[in-house]
Amino acid sequence: VIAANLGNRDVSRLLTAEAEQVEAYEVPDGFHVNTRGGISDGHRGQFVSAAGIPLVGVHNAQNVCGALTALRLAGWDVVERQQTLIDALAAFRPLDHRLQTVGMVDGRLVIDDSLSTAPQAAIAALAAYADRPVGIVIGGHDRGLDYQALATALSQRLTPTTVIGVPQSGPRIGALIEAACHAAGNHAVAVQQVDDFDKAVPLLLDAVPVGGVLLLSPAAPSFGRFRDYKERGMRFRELLGL
């Protein structure tokens, strides 16, 4: 049996299994993220509130839906064990460098998402802060990934967003973003380039107002400039005095 997020168009389109082999979530009859940001269990009502999910972003709440669906498929009575599951979720600690809140700098939230090494991760990170001004550092080792989806996502943002591109892939990604924003008539997104990672942080501090988010979500590996994503994330923090 497959537990599948049928709220995701790509999953729905690519899934070829017979209907009776699929246990769906992110649909009204399954576990799904409700309009309040919590998780509902079909038509039974809310299973856990948004405050009970210690993870940032709708994508993470959807992951919880998938985990609950898998437990149900494994034979767990999730309704009977609801409080146990809620307590376990509240105690969960996400990975370091994965949408990790690391502090505040002059009234701006600092998020270390250095583990973001693909465009889909950066898209999810930006969506998590859709209603706040964001400055995001993007780029790194260029392994030829397609960044058009990231460019499209940025072209749809309504809040002020500053993109700082860093070598190697920063210029290529930035050009796609600028083209997508121009085509969409979006003036909320500004793109700048630097020739060294360390130069990105001063630009972020200049661009992002109080109440905004300083986000490292590079959408690319760290090879060449750093030993690994952990070193990159720690350098980001160091440059911000954290």
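Helices (H or I, at least four residues) and strands (E, at least two) are DSSP runs, numbered from the N terminus. The model is predicted: local features need pLDDT of at least 70 and side-chain atom pairs count only at pLDDT 80 or more, while totals for chains, interfaces and linings use all residues. Residues are numbered from 1 along each chain as its sequence is written, and side-chain values use heavy atoms, with hydrogens and water left out.

**View 1. Helix α2 and the elements around it.** Helix α2 covers residues 58–73, 16 residues in total. Its first and last C-alpha atoms lie 23 Å apart, close to the 22 Å expected at 1.5 Å a residue; the expected span is 1.5 Å times one less than the number of residues. Asn 60, Ala 61, Val 64, Cys 65, Gly 66, Leu 68 and Thr 69 of α2 are buried, where buried means under 20% relative accessible area, exposed over 50%, and partly exposed in between (1.4 Å probe, protein chains only). An α-helix has 3.6 residues a turn, so residues three or four places apart point the same way. The buried residues of α2 pack against β1 (2–5), β2, β3, β4 (39–41), β5 (46–48) and α3 (82–91), contact meaning heavy atoms within 4.5 Å. Just after α2, Gly 75 has a positive phi of about 105°.

View 2. Ala 24 belongs to strand β2 (residues 22–25). Its C-alpha atom is 5.8 Å from that of Ala 3, a residue 21 places away along the chain. Not counting residues up to four places away in sequence, Ala 24 touches Ala 4, Leu 6 and Gly 30. Glu 26 sits in the loop between β2 and β3 (31–33). The phi of Glu 26 is near 60°, a positive value in a residue other than glycine, and Glu 26 counts as buried at 18% relative accessibility.

**View 3. The open sheet of 6 strands.** The strand order is β6-β7-β11-β8-β9-β10, with mixed pairing; two strands pair if DSSP finds at least two bridges between them. Strands β6 (100–105) and β10 (189–193) are at the edges with a single partner strand each, so one side of each has no neighbour in the sheet. On average, neighbouring strands are turned by 20° against each other, direction ignored (axes are lines fitted to C-alpha atoms, for helices over the stretch in contact, and angles run from 0 to 180 degrees between N-to-C directions). Strands β7 (residues 108–112) and β11 (residues 213–216) pair in the parallel sense over 4 bridges, and Leu 215 in β11 is the bridge partner of Ile 111. In the loop between β6 and β7 lies Asp 106, which has a positive phi of about 50° although it is not a glycine. Asp 106 is exposed, with a relative accessible area of 60%.

**View 4. The largest nonpolar core.** This core has 25 residues, and Leu 150, Val 163, Ile 177 and Leu 215 have the most contacts inside it. A nonpolar core is a set of buried Ala, Val, Leu, Ile, Met, Phe, Trp, Tyr and Cys residues joined through side-chain atoms within 4.5 Å. Two or more residues each come from β7, α4 (119–128), β8 (134–138), α5 (148–155), α6 (170–184), β10 and β11. Helix α6 gives the largest share, 4 residues. Beyond its neighbours within four places in sequence, Val 163 has contacts that include Ile 136, Leu 154, Ile 177 and Val 191.

View 5. Pro 167 and Gln 168 are joined by a cis peptide bond with omega about 0°. Gln 168 lies in the loop between β9 (161–165) and α6.
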